[in-house]
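Welcome, and thanks for taking a look at this one with us. Below is a short tour, arranged by topic, to read with the structure open beside you.

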Amino acid sequence: LGRHTVEPYVLAYITKEELKRQEALHELIMTERGFVRDLRSVDEVFGNPLLESGLLPPELHARLFSFVPLLADLHRAVSADLDERKADQIPVLDCVGDVMLRWLPHFSLVSSAYCRDTGRCSAFLERARVTDPAVGEFL
């Protein structure tokens, strides 16, 4: 819900604070959708081409990109739940906290494993970029 996406009658009966809250909830929903698209792009633009071109051996590709599908699946499911909630609560979204709480344990598991290896993966890609001209050109 944003000022430009609702009928004027809705804006007439909600407070400024509620409008800000609705805009924040809308931003959360849009951010989830965008993150899913971004994760799909990571595989399409980097992961798959690096593997298919032979620039990364399969074991390094798995180490660098194995969490991308897991993160994408998780955030796709969260996004779908948020969209469903939004559709059920038109025109004003009342609550999404229960949706986020339901997914919190999954975020903890997947994200902690993903984040744990991020530094090493970044360092590896930086070394590969500097030492291998083909990788550097690709990146």
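Let's begin with a pair of helices: the axes of α4 (residues 67-88) and α5 (residues 97-131) approach to within 10 Å and cross at roughly 170 degrees. Please keep in mind that this is a predicted model.

**The α4 and α5 pair**

- With a crossing angle over 145 degrees counting as roughly antiparallel, α4 and α5 are therefore roughly antiparallel to each other.
- On the α4 side, the residues that meet α5 are F67, L70, L71, L74, H75, A77, V78, D81, L82 and R85.
- Their partners in α5 are D98, V99, M100, R102, W103, H106, F107, V110, S111, A113 and Y114.
- R85 and D98, both in this contact list, also join their side chains in a salt bridge, at 2.8 Å from N to O.
- That pair links distant parts of the chain, with R85 in helix α4 and D98 in helix α5, 13 residues apart.

- Most peptide bonds are trans.
- Here, I90 and P91 are joined by a cis peptide bond, with omega at about 5 degrees.
- P91 belongs to the loop between α4 and α5.

**Salt bridges within helices**

- How many salt bridges does the model have? The count comes to six, and R85 with D98 is one of the pairs that form such a bridge.
- In another, R21 pairs with E18, and their closest N and O atoms are 2.9 Å apart.
- R21 and E18 are both in helix α2, where three residues, or about one turn of the helix, lie between their positions.
- R21 counts as partly exposed, at 33% relative accessibility.
- R129 and E126 form a salt bridge too, with 2.5 Å between the closest N and O atoms.
- Because R129 and E126 are three residues apart in helix α5, about one helical turn separates them.

- V45, F46 and L139 make a nonpolar surface patch of about 240 Å².
- Where does V45 lie? V45 is part of helix α2, which covers residues 16-52.
- V45 is partly exposed, with 46% relative accessibility.

- Which residues touch H61, once neighbours within four places in sequence are set aside? The contacts are G47, N48, L51, L56 and S66.
- S53 is in the loop between α2 and α3 (58-65).
- S53 is partly exposed, its relative accessible area being 46%.
- From S53 to L109, the C-alpha atoms are separated by 31 Å, and the two residues are 56 apart along the chain.

How values were computed. Residues numbered from 1 in each chain as written. Predicted model: local features only at pLDDT ≥ 70, side-chain atom pairs only at ≥ 80, totals over all residues. Heavy atoms only, no water. Patch = residues over 30% accessible without salt bridge, like charges linked within 9 Å, V, L, I, M, F, W, Y side chains within 5 Å. Areas by Shrake-Rupley, 256 points an atom, 1.4 Å probe, with all protein chains shown as cover. Salt bridge = Lys/Arg side-chain N within 4 Å of Asp/Glu carboxyl O. Helix = DSSP H or I, 4+ residues; strand = E, 2+ residues; numbered from the N terminus. Buried < 20%, exposed > 50% of the residue type's maximum accessible area, 1.4 Å probe, protein only. Axes fitted to C-alpha atoms, helices over the stretch in contact; angles between N-to-C directions. Parallel < 35°, antiparallel > 145°, perpendicular 65-115°, else oblique. Contact = heavy atoms within 4.5 Å.
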